[in-house]
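My notes begin with the ligand contacts and then turn to the spaces around them.

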Amino acid sequence: MKKGKLFVVSGPSGAGKSTICKEVGKMIRIKLAISATTREPRAGEKNKVDYYFMTKEEYLRRRQNDEFLETAEVHGNYYGTLKEEVDESLSNGENIILEIDVQGGLQIKKKYPESKLIFFKTFTEKELENRLRNRKTEAEDKIMLRLKNSLEELKHEKEYDITIINNTVEQACSDLIKIIENENMG
Ligand code: 5GP
């Protein structure tokens, strides 16, 4: 059977990655991998749906057991992709989107050189700040940390295969679907 393909989506916090990936997940057949994290769930977030929420102890034990495909510390918490979340699906021919930070993305590229790395960004830094604030999910100190990290993430854009500028949800979804379909034909 033909193996599935891995698509990595990264970019500054607030650039709209989650929204776009969720929409695309409804429009075409592709698995959105669920990541593990040690961060606290936000209001409305569910374990095993939005993330596998773990204590730091559990996370570090599983990292020690080599259960992660990639792992990184982002905004002061651990985030990672479990091998079991990806390997079986790929062998079954399923395509997968990993929505992860650039440190994780570059680890994936090393392990799976054939994966496609997609960078998401909004037009301006100001727009990014507005989006983060309008989301009202983080306190001021967390917003400042996320903005600082976003500027760091932007430096890695050139290491990615392709960039999508998120003007509207419709346009960004259509761009992402085109990239996925294009890879599937190859
Ligand atoms: P949030 O806390 O807003 O859900 O996610 C914060 C950041 O962590 C985002 O940039 C997101 O892409 C990244 N992230 C989420 N899951 C993973 C993962 O499994 N691995 C890595 N390396 N980063 C992740």
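I began with tyrosine 51, where an N or O atom of the side chain is 2.5 Å from an oxygen atom of the ligand. I note at once that the model is a predicted one, and that every distance here is to be read with this in mind.

In serine 35, a side-chain N or O atom is 2.7 Å from a ligand oxygen atom, and in arginine 146 the corresponding separation from an oxygen atom of the ligand is 2.9 Å. Taken on its own, the ligand has 520 Å² of accessible area, and I find that the protein covers 95% of this.

Next I asked which residues surround the ligand and are closest to it. The shell holds 17 residues, and the closest are Ser35, Arg39, Tyr51, Tyr79 and Asp101. By class I have five nonpolar, five polar and seven charged residues in this shell.

I turned to the largest pocket itself, for which I have a volume of about 990 Å³. Its lining is made up of 37 residues, of which Lys17, Ser18, Arg42, Tyr51 and Glu99 are the closest to the pocket centre.

H1 gives the largest share, with five residues. The lining of the largest pocket divides into 12 nonpolar, 12 polar and 13 charged residues.

Last, I looked up the second largest pocket, whose volume is about 210 Å³. Here S6 and H6 are the elements that give two or more residues to the lining. Among the lining residues of this pocket I note Arg39, Arg42, Tyr79 and Arg146, together with others including His75, Asn77 and Lys142. By class, the lining of the second largest pocket has two nonpolar, four polar and six charged residues.

Note on methods:
Residues numbered from 1 in each chain as written. Predicted model: local features only at pLDDT ≥ 70, side-chain atom pairs only at ≥ 80, totals over all residues. Heavy atoms only, no water. 1 Å grid on protein atoms, 1.4 Å probe; cavity = no way out; pocket = protein on both sides within 12 Å on 5 of 7 lines; lining within 4 Å. Points joined across faces, edges and corners; volume = space filled by probe spheres on them. Helix = DSSP H or I, 4+ residues; strand = E, 2+ residues; numbered from the N terminus. Nonpolar A, V, L, I, M, F, W, Y, C, P; charged D, E, K, R; others polar. Near = heavy atom within 4 Å. Polar contact = N/O pair within 3.5 Å; in protein donor to acceptor, adjacent residues only side chain to side chain. Areas by Shrake-Rupley, 256 points an atom, 1.4 Å probe, with all protein chains shown as cover.
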